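Have the structure open while you read.

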Amino acid sequence: VGGAADGVTNVQFTRLTDTTREQSIALAEQLGYPATDLTDPALPGGFTYAGTAAINLDGVEYTVQAIGLDTLGDPNSPVATERSAQLLVIWLANLGLAPLS
């Protein structure tokens, strides 16, 4: 997974229970971060906001946010979203939840 130009990246992994995709998107948008669908075929139904990649599987949401110094100032950075999505795919695979497609 690509990192920041200086090699420094902060990664946050989150697992939320009893939630829906719609609830998470509504909350992100209330906080001022518009959500969009991920285009990664390995994450069908996945979505992104503020550099975070997320997917809801049977009421459990898995999110990864990978922010580097090169993406810190842009909450809609496609680079941060790509990094986050790549790590989300790896994390789900390690949990035995992949492939999803």
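Predicted model: local features only at pLDDT ≥ 70, side-chain atom pairs only at ≥ 80, totals over all residues.

1. What does D70 pair with? Its side chain meets that of R83 in a salt bridge, at 2.8 Å from N to O. D70 sits in the loop between β5 and α2, while R83 belongs to helix α2 (residues 78-94), so the bridge ties together parts 13 residues apart in sequence.

2. How many salt bridges does the whole structure have? The search finds 2. Besides the R83 and D70 pair, there is one between D37 and R21, where the closest N and O atoms are 2.3 Å apart. D37 is in strand β2 (residues 36-37) and R21 in helix α1, so this pair links distant parts of the chain, 16 residues apart. As for cover, D37 counts as exposed at 54% relative accessibility, and R21 as partly exposed at 23%. In general, side chains of opposite charge can pair when their charged atoms come close.

3. Some context on the fold. The chain has 2 helices and 5 strands, and from the N terminus on they run β-α-β-β-β-β-α. Of the 101 residues in the chain, 37% are buried.

4. Now the largest pocket, with a volume of about 300 Å³. It is lined by 17 residues, and those closest to the centre are L16, Y49, T52, E61 and T63. Which elements each supply at least two residues of the lining? They are β1 (9-16), α1 (21-30) and β5 (60-68). By class, the lining has 8 nonpolar, 8 polar and 1 charged residues.

5. What separates E61 from R21? Their C-alpha atoms are 7.6 Å apart, although the two are 40 residues apart along the chain. R21 is also the residue that forms a salt bridge with D37.

6. Y33 is found in the loop between α1 and β2, and at 33% relative accessibility Y33 counts as partly exposed.

7. Last, two backbone angles to look at. D18 is not a glycine, yet has a positive phi of about 55°. D18 lies in the loop between β1 and α1 and is exposed, with a relative accessible area of 73%. A50, also a residue other than glycine, has a positive phi near 50°. Where is A50? In the loop between β3 (47-49) and β4 (52-57). At 12% relative accessibility, A50 counts as buried, in contrast to D18, which is exposed.

Terms used:
Residues numbered from 1 in each chain as written. Heavy atoms only, no water. 1 Å grid on protein atoms, 1.4 Å probe; cavity = no way out; pocket = protein on both sides within 12 Å on 5 of 7 lines; lining within 4 Å. Points joined across faces, edges and corners; volume = space filled by probe spheres on them. Helix = DSSP H or I, 4+ residues; strand = E, 2+ residues; numbered from the N terminus. Nonpolar A, V, L, I, M, F, W, Y, C, P; charged D, E, K, R; others polar. Salt bridge = Lys/Arg side-chain N within 4 Å of Asp/Glu carboxyl O. Buried < 20%, exposed > 50% of the residue type's maximum accessible area, 1.4 Å probe, protein only.
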